[in-house]
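Reader: Can you walk me through this one? I have the sequence and the structure open.

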Amino acid sequence: MIRVLIAEDMHMIRSALVALLSLEDDMEVVAEIERGDEVVDAALRVRPDVAVLDIDMPGLDGLSAAEQLSAQLPDCRTLVLTGLSQPGNLLRALKAHARGFIVKDAPAQTLTDGIRRIAAGERVIDPELVAAALETGSSPLTARETEVLRAAASGIRTGQIATQLSLSQATVRNYLSNAISKVGGRNRIDAIRISRDAGWL
Amino acid sequence: MGGLTELWRSDRVVRLAPVGAVACSAVLPLVQVGLAFSYVGNGVSTGLWSLAATAVYLPLHLRHVWYAARAHRPPLGGWSLVAMTAVILGATPLAGNMWPRAYTALVVSFLLVLPAPWSYLGYVVVVAAAAPVAHALGLSWTAAPWLTFSVLGGSAALLLLVWLAAALTRLQAAREALAQRAVMQERRRIDDDLRHSLGSALESIAARGDRAASIAKSEPAAAAADLTGLAQESRRTLAEARRRVRGYRQPSLRAELETAASLLTAAGIATRLDLPHGGIPDTIAPRSRGALRATVTRLLRAGPIGTCTITATVLDGRVLLDVRAGDSTETIEVRA
């Protein structure tokens, strides 16, 4: 029996996933989570074989949750559900040791097969996502530029970003300027939009 | 250097060029007014005449320069040129023996406003007259040729500036026109492409939906089969739509290989890219691109398999990609 944890913030989708997996003879849903920051605690409590994580969740996004899960419960394999709109997320998912990465609108059979294959130790990646990721390309941003742009995306001011990241305001402005130039944005809002769409943030 | 390049690439330089041309065109006449008060033999009245005449003709001249630098002919330019000529020539006996230097502005305006060959004729006549007029006003024969040289050099420099600004404006206009044409052609191509591919698929889906609805009550089993087929066709169409959209964005082969190496490395397969020093073609045929993506997907699914080396070689104009992962090697021929 494959023990599955489901983390999805939208109640209807979560219920549908639970109902779908409950129909499978070889699967048991052992936990339903609606926030990303609850995933690790719940997983440590119920010890699932596979964690199915939505990429966008309140508290902590699915990829960060997968990274923490991999560090604290390496035996639990993660499958991330995503949309095609942010192809750069595949790279982040692989770095976060996600074993599966499939699109949300794939047929139900793809999800159940994926869970089985992941539980068997295989890696499941939608070819469409690979193609999309190859077309989008790697993020041109350095780790620090990404960090600064992500902080800017949360809406805080340059001074607050500088305090938060222990940098001077001039350095923050430099990082933002580099990031805007590298992603081809017209200003920081545009750079945030481009980077988010590509899945680089 | 990068900043300078950025500046030249930006539209700002195109916007500033006419302003620069006007500013430079204003400098010489203003210096001329300043000097009119200080030359030997010139009195205050000479300087004041020079100042008054300059105050009248300079706005007209700068108007000519402003329009010409933006690649336009000044409206009613003929009349403003007549007025300018009258002021400059009228001030000649009153504004001192160095006043013919103001002919620089006059000949520049001739070339900017008048059509050829009248503009060239006017230019030659006025430049040739500068030295004799200055001499008649009391300038020595040794100094007069320098005045001609001053008019020639000054007018050449100003004309060059105006021409450069106008050329930049024309270049930008041409670039915008090309970009607009390219956008139009691309829109038309995408429209045709979508109509011929996805359009027919969507029509088929709609027809199947209608059929399923009409037989839902009388033949539920057949309707269910139709709906299942409908769902499959919808997914195929969605996949086709995604393929089409991806097809419109073609990254370079190098960028695609670098991303592939990043993905494989992130998946635990240490990947090295070995590219020829001479570079690789930017474009890649859809079939070769598909083969490369299939290989990357297979390797990603296979999981940690040690190392992978992607080597690109150019042989007789053909590019070959050798993907060596573990014990297996796959060769993909890249066609542009």
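This is a predicted model: local features need pLDDT of at least 70, side-chain atom pairs count only at pLDDT 80 or more; totals for chains, interfaces and linings use all residues.

Author: What follows covers a few strands, a sheet and the contact between the chains.

Reader: OK. Strand 1 of chain A, how many of its six residues are buried?

Author: Five of the six, in residues 2-7, so the strand is largely enclosed by the rest of the structure. Buried means under 20% relative accessible area (1.4 Å probe, protein chains only). Strands (E, at least two residues) and helices (H or I, at least four) are DSSP runs, numbered from the N terminus.

Reader: Which strand does strand 1 of chain A join over six bridges?

Author: Strand 2 of chain A, residues 27-33, and the two run parallel. Two strands pair if DSSP finds at least two bridges between them. A:Leu5 stands opposite A:Ala31 in strand 2 of chain A.

Reader: And how many bridges join strand 1 to strand 3 of chain A?

Author: Four, again parallel, with strand 3 of chain A at residues 50-54. There, A:Val4 stands opposite A:Val50.

Reader: Switching to chain B. What order do the strands of the open sheet take?

Author: The four strands run 1-2-3-4 in chain B, with mixed pairing. Strand 1 (270-274) and strand 4 (328-334) of chain B are at the edges with a single partner strand each, so one side of each has no neighbour in the sheet.

Reader: How do strand 3 and strand 4 of chain B pair?

Author: Antiparallel, over seven bridges, with strand 3 of chain B at residues 318-325. B:Leu321 stands opposite B:Ile332 in strand 4 of chain B.

Reader: Last topic, the interface. How many residues of each chain are in contact?

Author: 21 residues of chain A and 23 residues of chain B, with contact meaning heavy atoms within 4.5 Å. The two chains bury about 2,100 Å² between them, 57% of it on carbon and sulfur atoms. A:Arg123, A:Leu134 and A:Glu135 supply 35% of the area that chain A buries against chain B, more than any other three residues. Buried area is the accessible area (1.4 Å probe) that two parts lose on being put together, summed over both.

Key
Residues are numbered from 1 along each chain as its sequence is written. Chains are lettered from A and ligands numbered from 1 in the order in which they are written. Side-chain values use heavy atoms; hydrogens and water are left out. Buried means under 20% relative accessible area, exposed over 50%, partly exposed in between (1.4 Å probe, protein chains only).
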